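Subject: Structure handover

Hello,

Here is the structure you will be working with. Please open it first, then read the notes below.

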Amino acid sequence: MLTSSEGKGASGSHRSAFASPEFRRYFPAAIFSTLGSWILRFLLGWSAWDLTQSATWVGIVAGLLLAPALVLSPLFGIVSDRINPRNGLLITLGLHAALAGMAGLAVVSGLFALPVLLALSVALGIASSAQTPVRLALIPSLVPRISLPSAIGYSAITFNTSRILGPALGASLIQWSSPAAAYFCAAGLMACGIPFLLGVSGRQPDAVSASRSGFFDQLRDGFRYTRTHLSIRLIFGFTLINALLGRTVMELLPALSGVLLRGDSSTLATLTAAAGAGSILGGVVVSRQGSEESRLVSLMLACLAAGAFLVTALGWTSQLISFACLIGLLSTATTIVGTSSQALAQLQVDDEYRGRVLSLWTMLAMGAPAVGALSLGMLADQFTFPRVLPAFSLLALIALAYLNRHRVRQP
């Protein structure tokens, strides 16, 4: 059963990830690389608008950055199970820095045009789809089991803080210097992470039971392992509910701001800031947890239920301050569920399948909000947000009750 206090989930006391020397050496690399990555993503989106003045092309660039992860993550998950993920992260971080530097050189030389932008977006999407599985496979090798939720929580704090600071820094560099300087800054930040990674040993290849079976046989083994592992299936179910509820609402913030608040760009900026603050707070909460799985499950279930009620309340709120508070709380709950589910998956999975299982978790966590946003947006156009949001919340609560009942009934 997922909440068993025996075996893998025995220890429940908290121990900070920073007590581990390996994690202390890795963390600066995470800060530099994540901040540089968010600057680069912002710059590619801004460049799409600057070159075309077309929202369609901005959307195409965003899709090119995301689509490779949905297709290639399981394949790179196999790779991360076969190698020392530290080495894989060094390669992908170097690729990110090189792509940012190439973009800067293209701007300086006057060669930066739409085909170059599209090629860079595809290349960055592929590099990112490779980086996520190896990063998720590396973190458990840096800390003892009891510190794993703490490490994942601090990683979430870094990610969400950079998501706020990166675009702001990129916009400032464009305004006060030049787009080329902004691209070179992103490249420099990511390059700064490489020396710190070199000081990390990671998980050596001989510690991984790299099968001699073929590549696609290992892919099938990963799917089979996930399908037959009851606890991981349940974790994926909770992840799906979170992605289709809280994460979906976050993707639709521009529409919610315009329809429910009749807001402008400053309104959206306020809501985005509230969501960012909530995400950071959620990461802090999970970083304070130990490895007791029953506690993580209880925290995840409570936040899923709270998220459903918060989503319902959004449909009946028209004041900016109240709406921003609800968004902040929903973002906190959503981040806690996302990071807790990742921690539970990391705690449950066997090392030889870690990269493959976490790549599937990434596909689910990243892909489901896109489907949810499309469905919720279409239904809201037809029936209005105040009607559709409670319906989504009710379906989420029903699914949550079903999964929880199934979890409790298992021996």
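Let me start inside the chain. G278 is buried, because its relative accessibility is 5% and the cut-off for buried is under 20%. This glycine lies in helix α10, which covers residues 265-287. Leaving aside neighbours within four places in sequence, G278 is in contact with G328, S331 and T332.

One caution before going on. This is a predicted model, so please treat every value here as computed from a prediction.

The overall picture

The chain has 14 helices and zero strands. Read along the sequence, the pattern is α-α-α-α-α-α-α-α-α-α-α-α-α-α. The C-alpha trace spans about 65 × 55 × 40 Å along its principal axes.

How does the radius of gyration of the chain sit against that of a compact globule? For 411 residues, such a globule would have a value near 22 Å. The chain has 21 Å, so the two agree.

Contacts tell us how the chain is put together. Take those with a separation of 6 or more: 87% of them join residues 24 or more positions apart. Of the 411 residues, 51% count as buried.

The accessible surface comes to about 17200 Å². Carbon and sulfur atoms hold 67% of that surface.

Charges come next. There are 26 positive and 15 negative side chains. The centres of the two sets lie 3 Å apart.

Cysteines

How many disulfides does the structure hold? The count is zero. C185 is in no disulfide, and the nearest cysteine sulfur, that of C192, is 9.1 Å away. C185 counts as partly exposed because its relative accessibility is 25%.

Now look at C303. Its closest cysteine sulfur is in C325, 17 Å away, which is too far for a bond. A disulfide would need the two sulfur atoms within 2.5 Å, so that distance rules it out. C303 is buried, at 11% relative accessibility.

Helix by helix

Start with α3, residues 85-109, where G104 is found. Is G104 buried or exposed? It counts as buried, because its relative accessibility is 0%. G104 touches A180, Y183 and F184, not counting residues up to four places away in sequence. S141 is 37 residues from G104 along the chain, and their C-alpha atoms are separated by 35 Å.

Move on to α7, residues 215-228, which holds T226. T226 is buried, with 8% relative accessibility. Which residues does T226 contact, leaving aside neighbours within four places in sequence? They are I232, R233, F236, V357 and L360.

The end of the chain

Helix α13 runs over residues 354-383 and includes A380. A380 is buried, at a relative accessible area of 9%. Beyond its neighbours within four places in sequence, A380 is in contact with F385 and V388. L256 is 124 residues from A380 in sequence, yet the C-alpha distance between them is 9.8 Å.

T384 lies in the loop between α13 and α14. It deserves a look for its backbone. T384 is not a glycine, but its phi is positive, at about 80 degrees. Most residues other than glycine have a negative phi. T384 is partly exposed, because its relative accessible area is 39%.

Helix α14 covers residues 385-409, and L403 is found there. L403 counts as buried, at 15% relative accessibility. What does L403 touch, not counting residues up to four places away in sequence? The partners are L234, G237, F238 and I241. A29 is 374 residues from L403 in sequence, and 38 Å from it in space, C-alpha to C-alpha.

Where to look

Go on to G104 in α3. Finish at T384, in the loop between α13 and α14.

Best wishes

Key: Residues numbered from 1 in each chain as written. Predicted model: local features only at pLDDT ≥ 70, side-chain atom pairs only at ≥ 80, totals over all residues. Heavy atoms only, no water. Helix = DSSP H or I, 4+ residues; strand = E, 2+ residues; numbered from the N terminus. Rg over C-alpha atoms; globule rule 2.2 N^0.38 Å. Buried < 20%, exposed > 50% of the residue type's maximum accessible area, 1.4 Å probe, protein only. Contact = heavy atoms within 4.5 Å. Areas by Shrake-Rupley, 256 points an atom, 1.4 Å probe, with all protein chains shown as cover. Lys, Arg positive; Asp, Glu negative; His and termini not counted. Charge placed at Lys NZ, Arg CZ, Asp CG, Glu CD.
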